[in-house]
Amino acid sequence: MVLAVTPLTPTLGAEIAGADLTDLDDRQFAEIFEAFTEHAVVFFRDQPELTAEQHFAFAERFGQIHVHPFERLSDRNGGGRPGMLGIHTTADSTVAAGNRWHSDVSCDSEPPHASILQLHLIPPVGGDTLFASMYAAYDALSDRMKRMLDGLTARHSGEESYRRLFKVAITEAGAAWPEADHPVVRRHVDSGRPALYVNREFTESINDLPKEEAKALLDFLFHHVERPDFQCRFRWSPNAIAVWDNRAVLHHAMWDYWPNQRKGRRITVKGERPVPWRLDEDRVPQGREGNTVRLTA
Ligand code: SIN
């Protein structure tokens, strides 16, 4: 079967038609991976509701399964094979997963690569997921700001989100919620492109700067990465599947559908320790430049 890849915006996102994700051959998966690397988030409609095994099998084509800190450290695990995260918001929910701009589990020392979400139950209207290209966000910065960020690292922590927001308690003796230092600008190991790597959910501070400067810089970066110029928005249909690249995009799940329900399952795939992008050493490979969003002053 021939796959049809239709971009959502010139900057990021594409819908892929003509694939049955329960029955892919290697050539089809290679095309999907190519589109995923180019567009940073890809969407599939008209899929069957995947069984847990089918969902794991598709995810494993991208790499090894990542196990969420909820499952590693707390009693919040759904039972069954580790690596499956239930997403379920009801009229009684006090918090909805992903309802702030973030890159999944960026507080891990080796944060996830791909996330694969299928929604089985969607509200009559609303519950869209927004994605923002961190390639475009970096490319749109001034040369002076790029120089300023060169070589900086930031501290990412899961404490605020997991303990305070989601109220999950650690049950493993002596364990703590993950935290890690990552480059503020990372080099994507597949595309070779530079991407900003900070997000409001997990990034706490910038290392090697006085506290006030770090806070002002982070405030600027949080607003910058969330600009609509860098975004696409996916309107779900039942059993649609989104596959996003946490190394290249942030995402935000809109919780605008209360008291309706929204339900599905997500599996993430292990990534590598983020590699810094260095201005004087790294170059984007030819043909991989992507679209640059022009911001007016
Ligand atoms: C998430 O993985 O952060 C949730 C995304 C969504 O529910 O749309």
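1. A word on conventions. This is a predicted model, in which local features need pLDDT of at least 70 and side-chain atom pairs count only at pLDDT 80 or more, while totals for chains, interfaces and linings use all residues. Residues are numbered from 1 along each chain as its sequence is written, and side-chain values use heavy atoms, with hydrogens and water left out.

2. The ligand shell. Around the ligand (a heavy atom within 4 Å) sit Ile-87, Ala-97, Gly-98, His-102, Asp-104, Leu-117, Thr-129, Trp-244, His-251, Ala-253, Arg-262 and Arg-266. By class, five of the shell residues are nonpolar, four polar and three charged, where Gly counts as polar. Strands E15 (249-253) and E16 (262-269) each give the shell at least two residues; strands here are DSSP runs of at least two residues, and helices of at least four, numbered from the N terminus.

3. Which side chains reach oxygen atoms of the ligand? Taking pairs of N or O atoms within 3.5 Å, Thr-129 has a side-chain N or O atom 2.6 Å from a ligand oxygen, Arg-266 has one at 2.7 Å, and a polar side-chain atom of His-251 is at 3.0 Å. The protein covers 99% of the 260 Å² of accessible area that the ligand has on its own (Shrake-Rupley, 1.4 Å probe).

4. The ligand takes up the space of the largest pocket. A pocket here is an open set of points on a 1 Å grid over the protein atoms alone, with protein on both sides within 12 Å along at least five of seven lines; a molecule sits in it if more than half of its atoms lie within 2 Å of its grid points.

5. Strand pairing (at least two DSSP bridges). Strand E8 (residues 153-157) pairs antiparallel with E9 (residues 179-183) over five bridges, and His-156 has Ala-180 as its partner in E9. E8 also pairs antiparallel with E12 (residues 203-206), over three bridges; there, Arg-155 is bridged to Ser-205.

6. Backbone details. Trp-258 and Pro-259 are joined by a cis peptide bond, with omega about 10°, and Pro-259 lies in the loop between E15 and E16. Ala-40, a residue other than glycine, has a positive phi near 75°; its place is the loop between helix H1 (26-39) and strand E3 (41-44).

Terms used:
A polar contact is a pair of N or O atoms within 3.5 Å; within protein, one must be able to donate a hydrogen and the other to accept it, and residues adjacent in sequence count only if both atoms are side-chain atoms. On a 1 Å grid over the protein atoms alone, a cavity is a set of points where a 1.4 Å probe fits but cannot get out, and a pocket is an open set with protein on both sides within 12 Å along at least five of seven lines; lining residues have an atom within 4 Å of a point.
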